[in-house]
Amino acid sequence: MLWLLLLASAWAATAVSCLRLCLAAADVPRLPSGVPELGDGPGDADGEGTREAGLTLYEAAYLAGGPGRVADLALVAMHGRRGLLLAHTGWTTVVDPDAEDTLERSVIAAAGPAGQELTASVRTAVAAGGAVRAVGDRLVRAGLAVPDRARTAVVSALRAVRATSLLIPALAVCAVLTLPGGREPGPVAVWFTLPLALTLGALAMAAMEVRPYTRFASPLGAHRLSAFAEHTAAGGQGTERARLTAVALHGVGVLDDPELRVALAAGRPAHRVG
């Protein structure tokens with residue numbers, strides 16, 4: 001009765017993946033229900049910029065795209081004021097070593113003592129550095145960002161449930177194909193619909209209850225980010241501030257300089273740009 005072993009495998013995969021999703025969802029910290037205030041943080045006093053709708057540009061970039069978006073924003077800002085040269089060949093060269101804030105200091109440090117390094121390496125180092133981590137920690141404390149550990153656990157658990165929902169039909173097909181001659185496949189296939197229904201139901205519930213926690217911004221953070229976007233949209237177009245705001249909210253794909261887009265895309269898959 002090979003089909004029974006396949007059915008048991010389907011149920012085991014369903015139980016493990018759904019339990020993992022439940023545990024990940026339960027581990028998501030309770031976030032404030034009110035409207036939080038960030039207050040003055042180290043970044044504010046160190047040149048991170050003025051707040052608009054309660055967020056700085058770096059904070060908005062983190063909520064919209066995570067650490068990598070913050071690193072992109074710092075690179076674009078320094079390139080715009082001629083502090084860096086971002087070459088389309090994939091290299092970053094420090095032109096002006098005078099940094100305006102901790103993020104820019106981390107960019108210069110990532111470029112190394114020679115002041116030149118691969119752009120992809122600089123971006124990776126900045127995104128993983130303490131300056132970006134401080135931005136994220138401040139947003140997490142305010143309830144605007146989802147903690148990295150919780151978000152990673154939820155995303156991983158969702159992938160496991162999705163993989164199980166694809167595995168079950170494959171196991172059902174194998175079970176039907178291994179049935180002895182003359183055995184009706186219908187009743188056997190029905191048994192596999194039960195674990196499949198459970199995984200699909202878990203995914204449907206997760207879409208409503210857990211999905212917001214797969215992003216960098218919490219539900220409150222998303223609301224604050226939306227207010228930031230509306231507030232900055234009224235500030236006019238065509239200025240350097242407007243360009244940096246667009247990068248913070250939408251990524252480097254919005255840049256109108258094709259060579260700069262190529263420079264920032266170097267060393268990472270094209271679908272990650274923006």
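**A sheet and a loop residue**

Visitor: In what order do the strands of the open sheet come, and which are the edge strands?

Guide: Please keep in mind that this is a predicted model. In it, 3 strands build an open sheet with antiparallel pairing, in the order E1-E2-E3. An edge strand pairs on one side only, and that holds for E1 (84-86) and E3 (116-118).

Visitor: Which residue in E2 is the bridge partner of Leu-85?

Guide: Strand E2 covers residues 91-94 and runs antiparallel to E1, with 3 bridges joining the two. Follow the bridge from Leu-85 across into E2, and the partner there is Thr-93.

Visitor: At about what angle does helix H5 run to E3?

Guide: Look for residues 119-127, which make up H5. This helix lies across E1, E2 and E3, and its angle to E3 is about 90°.

Visitor: Is Val-146 buried or exposed?

Guide: First find the loop between helix H6 (130-141) and helix H7 (148-177), where Val-146 lies. Its relative accessibility is 1%, and the cut-off for burial is under 20%. Therefore Val-146 counts as buried.

Visitor: How many Å apart in space are Val-146 and Tyr-213, C-alpha to C-alpha?

Guide: Leaving out residues up to four places away in sequence, Val-146 touches several residues, among them Val-140, Arg-151, Pro-212, Tyr-213 and Phe-216. Along the sequence, Val-146 and Tyr-213 are 67 residues apart. In space, their C-alpha to C-alpha distance is 6.3 Å.

How values were computed. Residues numbered from 1 in each chain as written. Predicted model: local features only at pLDDT ≥ 70, side-chain atom pairs only at ≥ 80, totals over all residues. Heavy atoms only, no water. Pairing = 2+ DSSP bridges. Helix = DSSP H or I, 4+ residues; strand = E, 2+ residues; numbered from the N terminus. Contact = heavy atoms within 4.5 Å. Axes fitted to C-alpha atoms, helices over the stretch in contact; angles between N-to-C directions. Buried < 20%, exposed > 50% of the residue type's maximum accessible area, 1.4 Å probe, protein only.
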